[in-house]
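Subject: Structure handover

Hello,

Here is the structure we discussed. Please open it first, then read my notes below.

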Amino acid sequence: MQEWRWMTAADLGRAIGAGAIDPVTLTDVYLDAIDAHEHRDRIYARVTHTRAKAEATAAAERAKTGFRRGPLDGVPVSWKDLFDTAGIATEAGTALMKGRIPDRDALVLQNATAAGLVCLGKTHLSEIAFSGLGLNPITATPPCVNDPDAVPGGSSSGAAASVAFGLAAAGIGSDTGGSVRIPSAWNDLVGLKTTHGLLPLDGAVALCETFDTVGPLCRSVEDANLLLSVLGGNKPADLAGVSLDGVRLMILDTVALDDVRLEPMAGFEAAVARMRTAGAQIETHSFAAMNDALGLAGILYGADSYGQWRDRVEAHPEKMFPQILERVRGGKSVSGADYVAGWHQLRDIRKAYAEATAGYDAVIMPSSPILPPNAERLLTDDAYYKTENLLALRNTRIGNLMGTCAITLPTGTRSCGIMFNGPANGETALMRLCAAAEAVLSGCGV
């Protein structure tokens, strides 16, 4: 039964439907593995044993009577500790919210529960979700599956670790500047950043409401597709008959390829070569205005995050990790006029970007320019922390700034992902494209 921990969520769901796996036994396997794991307290902030067992029991009864609620009914998943859970603490990785207990579930969790998913518990994250690294000395820093001395990526750090270490079939995280995709890439997972506004944020602790999104970290594109359907209450995309033959992809060489380190570039180039062999038409183009968009990030993210967190932060700044405190206070000096002007400029850039990329099925780039940095050095070297954090977030933040959807896939090179950016609200087409790319990159397709 231990092999169940490494199956995709979709395969687990099929096995439950076929009567080969009992949801109660499956949930017990995960809960026992969590409780016995050496990194339990670094990955899970809270394990919801009672809720998980009750939900699994209900799923088992539905499976026996033929009334399953969907393809993932009975599949156990983890939740980033910024999604509200009724009667269970939700603290967003910060002492500023210690002991906060909401009285209702976040809306996406309500949707997942209605579809029969089993809630295993709440996973650790970067403090207030404001870092791409996953380092959190305030609560806990989860491990990276590929390097015990490195950070796992953030801010959905525990979500990624829960899946990578076989302690959840999938993790639900949030992505404001890369927080689903970076930990997915560094832990060899599939990560989906949804279009802003596609999935509801009700009951999710906000970082930047104008950029926050919800998305899954999982083992396959099929899993991401089914989880998106569950979280949004919509039908999944049809992934049958997909192929890369004739697909048009654009490599963005403005900013996205600058200072990419050896391993991520090697992984990216090898992935591009395999997709070309499979029939994809891949061209390289620039988009000069991307520099301007990235230059606006400090204003837009800073003002929004400081507006969200100002009162809590200024009441108890001593409770925060200094690097996160400095980042959130960066929005203190942004004027209202600069913020409004910044959004006007960004909307113009988004329009130009959509026009420049309209002829392509996706824009591709390395998911992260760097490998997971050393955790101990991040704690002791301020300059190193700032450099690595900004580099980690640089490529993923392009999708947030441009308002697109995006998926990171493993390349076969450890901790190195390749990212596909589709148009806003283009999740269905992007899912089909990435299912074809996944087959090629995993060696299962041509």
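A nonpolar core here means a set of buried Ala, Val, Leu, Ile, Met, Phe, Trp, Tyr and Cys residues joined through side-chain atoms within 4.5 Å. Buried is under 20% relative accessible area, exposed is over 50%, and partly exposed lies in between (1.4 Å probe, protein chains only).

Two notes on the source. This is a predicted model: local features need pLDDT of at least 70, side-chain atom pairs count only at pLDDT 80 or more, and totals for chains, interfaces and linings use all residues. Residues are numbered from 1 along each chain as its sequence is written, and side-chain values use heavy atoms, with hydrogens and water left out.

The core. The largest nonpolar core holds 141 residues. Trp79, Leu244, Leu249, Met275, Ile364, Leu409 and Phe420 have the most contacts inside it. Another core, of 6 residues, lies apart from it and includes Ala160 and Leu217. In general, nonpolar side chains of soluble globular proteins tend to be buried together.

Helix H9. Helices (H or I, at least four residues) and strands (E, at least two) are DSSP runs, numbered from the N terminus. H9 covers residues 262-277. Its buried residues are Pro264, Met265, Gly267, Phe268, Ala271, Val272 and Met275. The buried residues pack against strands S7 (248-252), S8 (281-285), S9 (362-366) and S11 (417-422), and against helix H15 (427-441). Contact means heavy atoms within 4.5 Å. Met275 touches, among others, Leu244, Ile364 and Phe420, not counting residues up to four places away in sequence. Just after H9, Gly279 takes a positive phi of about 110 degrees.

The sheet. 11 strands form an open sheet with mixed pairing, in the order S1-S3-S2-S4-S6-S5-S10-S11-S9-S7-S8. Two strands pair if DSSP finds at least two bridges between them. S1 (44-47) and S8 stand at the edges with a single partner strand each, so one side of each has no neighbour in the sheet. S7 and S9 run parallel, joined by 3 bridges. Met250 stands opposite Val363 in S9.

One loop. Gly233 is found between helix H8 (221-232) and S7. Gly233 is exposed, at 60% relative accessible area. Its C-alpha atom is separated by 9.2 Å from that of Leu199, 34 residues apart along the chain.

Best wishes

Definitions and conventions:
Expected span 1.5 Å × (residues − 1).
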